[in-house]
There are 2 protein chains.
Amino acid sequence: MSMHDLIRQLREPSKTKIVLLVADGLGGLPIEPGGKTELETAKTPNLDALASEGTVGLSTPVAPGITPGSGPGHLGLFGYDPLKHDIGRGVLEALGIGVEVGPKDVAIRGNFCTIDAEGRVTDRRAGRIPTEVCEKLVAKLRGAVKIDGVETLVEPVREYRLVVRFRGEGLGENVCDTDPLSTGLHTLEPKAGDAASEKTARVAAEFLRQAKAILKDESPANFLMLRGFANFPKISTMEDVYGIKPVAIAVYPMYRGLARLVGMTVVEPGKTLADQVEVARENWSQYDFFFIHYKYTDSTGEDGDFARKVAVIEDLDAQIPKLRALNPDVLIVTGDHSTPSRMKSHSFHPVPTLLWAPATVRPDLVTTFGERPALQGGLGQFLAKDLLPLALAHAGRLQKFGA
Amino acid sequence: MSMHDLIRQLREPSKTKIVLLVADGLGGLPIEPGGKTELETAKTPNLDALASEGTVGLSTPVAPGITPGSGPGHLGLFGYDPLKHDIGRGVLEALGIGVEVGPKDVAIRGNFCTIDAEGRVTDRRAGRIPTEVCEKLVAKLRGAVKIDGVETLVEPVREYRLVVRFRGEGLGENVCDTDPLSTGLHTLEPKAGDAASEKTARVAAEFLRQAKAILKDESPANFLMLRGFANFPKISTMEDVYGIKPVAIAVYPMYRGLARLVGMTVVEPGKTLADQVEVARENWSQYDFFFIHYKYTDSTGEDGDFARKVAVIEDLDAQIPKLRALNPDVLIVTGDHSTPSRMKSHSFHPVPTLLWAPATVRPDLVTTFGERPALQGGLGQFLAKDLLPLALAHAGRLQKFGA
């Protein structure tokens, strides 16, 4: 029996509230041998109090050694095995810029490129045109492209990148990329890999035909290529699996989109973490599960800015009292992956995690929140996908299994 | 998606170097209540330095409570789930004496035995004849047996034991043992369990017919029995799965054979661990992954010689500086299983493991290498098969999963 089926059997209604505060990229590394990590360096009296009263451990987002992107990282925390639920590239790109994707859609990443008179690609990134040019070209396409039987959406991403979304009946995702992957070659035709994707391939070919005509006098971006065709993934909602009403309070489009994929309601978050906590308060009676996303632990890590990452962790710590004041039954603070400022990138290192649940927690001996203290904690080292069932248990939302 | 498929997707080329130093049977037990294990007793300043700068933990070779033989123990460390890849007895016996086994082979364990005038087995081990007699009889068989359509190899093992290898087309492994398992019974015919193994059964029957004639005047070893028919296992190579060029530097045939099974190049190792490290140095530019096998932690454990096991651990420690001088990106020291001298045998106890990777390791608080300190380490307790992906991650050889 799968864990999801087991939980469907065991879940029971409750009025308890769970808060999942995701500090994106929370885990880190010391800069100097023998030094402290960002989280260990930060002054976090409120997180330390939660760690002390609660229990801590380390979350492995996907599997040992695997560095996750935001998609797999969050799916794990939402209680889904990231190895079983692959979110296609096109869908993630669309979510990342706030383009909604639904069950009738195929979402595709696009690149503006440069072709010569014979149609051969001379620059796969069209000289990395600035975002303003991308926006202008997208606007031009938007005004002119017209394809029967589907609704077409084109949105700029950044520089030479854009997103294309087709909406209609029978649009499979199994279509090959049109990027030939090196210059000097013609772009490829969008070929269907199965019968269910034939219509998508025809629609994409027509889109490219029209785009070529529209862009022909532009320079350097006189054509585009499509890749990462992806349908909305078939994922059961959190309500269906876990029997909870979840809400997402996230500022950045990517995380709002990921939350929508698993059926969360997405509400307006305000701008700061303080705003997000206030939004949680306002919506407290209407939901069971509050996903609050905090981006800056990741972006400062990506920037390689150790001191700034320490500072934004301290900013997060300052909001904890307001979260506690809501009296959640379970409060979890974790990350979707590590982003050590030393590496300036996501990493595979396990993520420090704390679970605070006054009614049911078995405290451990740890009194501070940090990577090394977490090694001694009651949660041990665990897979991210196992955290949500544990949260439900602490929230009194799972019956006994078997007699 | 399987971990192997995931890694095939994510792996990327790199110039980084990984060293896997396997101290066979490394884990131990205290002799006295409250005492130290062999590793904890040994003076190991160099291993302690690695543990201090790196991270430690405990490896479970197959699953909790399972005592592995050398085959499953090493497969795990090579990144293969030992429960999914069974290596047949005949193949392991052949590898153990340095007989090569390939895709067209069926390898079989043989026993010399004694039969009476009616062909009933009177001694299943032929009075445990000395190895010299075994060698003589094998030479006699070798000179006389001739079977059309297959190449036959016979090699002595020890006392009454030998290995038979048939090489040819269409030799399945599903053939029953011919040992009746008690005296007073006739040996069994080698019967095929499926169509693909019919030829093997016929070849084995003919081999036994000729052997009976050749041995009929010998005493006490006047016949032999065959068991453990096994083909070369279908295992993807480490290069195919992990994208690395691995080399094995192992003195004993069994470990050279196991390395060959997963596609490692096997080079001449010299005689001592110092020689092996020197061989690694000489081959440094040609490979990515260096498997160095050290036998004596196991053999001293099997002998029940606590003090000697301590001494050979100290010998190993003395070679660590030369390994470090090679500047590997990742250096792992572990064992394929525990062999506590108190038990004089392999055991199921988790194996102390250290991972040193200066660029990426997240240090823990542990400063010495030993079973009890390892419980506090950052690697936690893990399955051996998860160690290689982690090593690849530390070596910068795995891309991000998902966006």
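**Ground rules.** I take helices (H or I, at least four residues) and strands (E, at least two) as DSSP runs, numbered from the N terminus. This is a predicted model, where local features need pLDDT of at least 70 and side-chain atom pairs count only at pLDDT 80 or more, while totals for chains, interfaces and linings use all residues. Residues are numbered from 1 along each chain as its sequence is written, chains are lettered from A and ligands numbered from 1 in the order in which they are written, and side-chain values use heavy atoms, with hydrogens and water left out.

**Entry: a leucine in chain B.** I started with L137(B), which sits in helix 6 (residues 131–144) of chain B. Is L137(B) buried or exposed? With a relative accessible area of 1%, L137(B) is buried; buried means under 20%, exposed over 50%, and partly exposed in between, using a 1.4 Å probe and protein chains only. Leaving aside residues up to four places away in sequence, I found L137(B) touching F112(B), I129(B), L215(B), E218(B) and A221(B), where contact means heavy atoms within 4.5 Å. One of these, A221(B), is 84 residues from L137(B) in sequence, yet their C-alpha atoms are 8.4 Å apart.

**Entry: cysteines.** C134(A) counts as buried, because its relative accessibility is 0%.

**Entry: a sheet in chain A.** Next I traced an open sheet of eight strands in chain A, with mixed pairing and the order 9-8-10-1-11-12-2-13. Two strands pair if DSSP finds at least two bridges between them. Which strands are at the edges? They are strand 9 (265–266) and strand 13 (380–383) of chain A, each pairing on one side only. I also checked strand 1 (residues 18–23) of chain A, which runs parallel to strand 10 (residues 289–294) of chain A and is joined to it by six bridges. There, V22(A) has H293(A) of strand 10 as its bridge partner.

**Entry: helix 3 of chain A.** Helix 3 of chain A packs on this sheet, touching strand 2 (55–60), strand 11 (330–334) and strand 12 (351–356). Helix 3 (residues 45–53) of chain A also packs with helix 12 (residues 306–325) of chain A, at about 55 degrees and with axes 7 Å apart. Axes are lines fitted to C-alpha atoms, for helices over the stretch in contact, and angles run from 0 to 180 degrees between N-to-C directions. The residues of this contact divide into eight nonpolar, one polar and three charged; Ala, Val, Leu, Ile, Met, Phe, Trp, Tyr, Cys and Pro count as nonpolar, Asp, Glu, Lys and Arg as charged, and the others, Gly among them, as polar.

**Entry: loops.** The peptide bond from S219(A) to P220(A) is cis, with omega near 0 degrees. P220(A) lies in the loop between helix 7 (198–215) and strand 7 (223–231) of chain A. Last, I noted N327(B), a residue other than glycine with a positive phi near 55 degrees. At 59% relative accessibility, N327(B) counts as exposed.
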